[in-house]
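Let's walk through how to read a helix pair and a couple of salt bridges.

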Amino acid sequence: MNKLFLKGVKHGLPIGLGYLSVSFAFGMQCAEGGLSVLQALLISMTNLTSAGQLAGLQVMLAGSSLVEMALTQFIINLRYALMGLSLSQKLGPTMTTPRRMFFAFSNTDEIFAVASSQPEQLHHRYLYGLMLMPYIGWSLGTFLGAAAGAILPEFVCNALGIAIYGMFLAIILPPAKREKPVRIVVLIAIAASLMFNYASVLNQVSGGFVVIICAVVAATLGALLFPIKDESGVEA
């Protein structure tokens, strides 16, 4: 087997193991929401985005429209377009357009971080190996979680189901502690979410649009309050 592919598999294995536990919680939430094991598995096999899948699941269970689903996924997953643009500068000549499209399917935050840290140009065999274990881990974890959620007592499912929220807290808290702009943006998003949950008129807005509005408002205010300066020192 090609050395570059095996190198990618080796680098992707820790990501896959991490995804296994997180997607287990997602699978349990699917089972709790009434989805079958097969339905949960198909969601994870055709998507590879933890935040997008979790938000999409809530939109589905709320019976929201396809427009809300599309807008929610667009806003939440827009960062992947920026990651793709950044990573495209490191892609080698073997990465043809079809191969780029194939890799884009699994260009998650963690895969992007590992791939972008490589000193050399990225070969398609390395990227295929890198994406393999995370994909297997995410799909397998979802399957196991959905299967367990169908047979475990409800109180156990509820306890294990908070694991996916723990992952998001683990992502948010370290940068929020270090950087004031991140901390402010998180607080803005929390405040907006609370308003939509408790305000008498705003709480009538469907869950899908709440996610979209909170994300856009927090990101926009963050950009206005804390503009990033380019290399010349000019605010962008």
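Q: What should I know before I start?
A: Residues are numbered from 1 along each chain as its sequence is written, and side-chain values use heavy atoms, with hydrogens and water left out. The model is predicted, so local features need pLDDT of at least 70 and side-chain atom pairs count only at pLDDT 80 or more, while totals for chains, interfaces and linings use all residues.

Q: At what angle do α6 and α7 pack?
A: Two packed helices are described by the angle between their axes and the distance between the axes. Here α6 (residues 109-116) and α7 (residues 124-149) pack at about 150 degrees, axes 11 Å apart. That makes α6 and α7 roughly antiparallel (angles over 145 degrees).

Q: Which residues make the contact of α6 with α7?
A: Contact means heavy atoms within 4.5 Å. I111, V114 and A115 of α6 meet Y126, L127, L130, M131 and P134 of α7.

Q: How many salt bridges are there in the whole structure?
A: A salt bridge is a side-chain nitrogen of Lys or Arg within 4 Å of a carboxyl oxygen of Asp or Glu. The search finds 2. In one of them, E120 pairs with K7, the closest N and O atoms being 3.2 Å apart. E120 sits in the loop between α6 and α7 and K7 in helix α1 (residues 3-32), so the pair ties together parts 113 residues apart in sequence.

Q: Is S106 buried or exposed?
A: Buried means under 20% relative accessible area, exposed over 50%, and partly exposed in between (1.4 Å probe, protein chains only). S106 is buried, at 1%.

Definitions and conventions
Axes fitted to C-alpha atoms, helices over the stretch in contact; angles between N-to-C directions. Helix = DSSP H or I, 4+ residues; strand = E, 2+ residues; numbered from the N terminus. Parallel < 35°, antiparallel > 145°, perpendicular 65-115°, else oblique.
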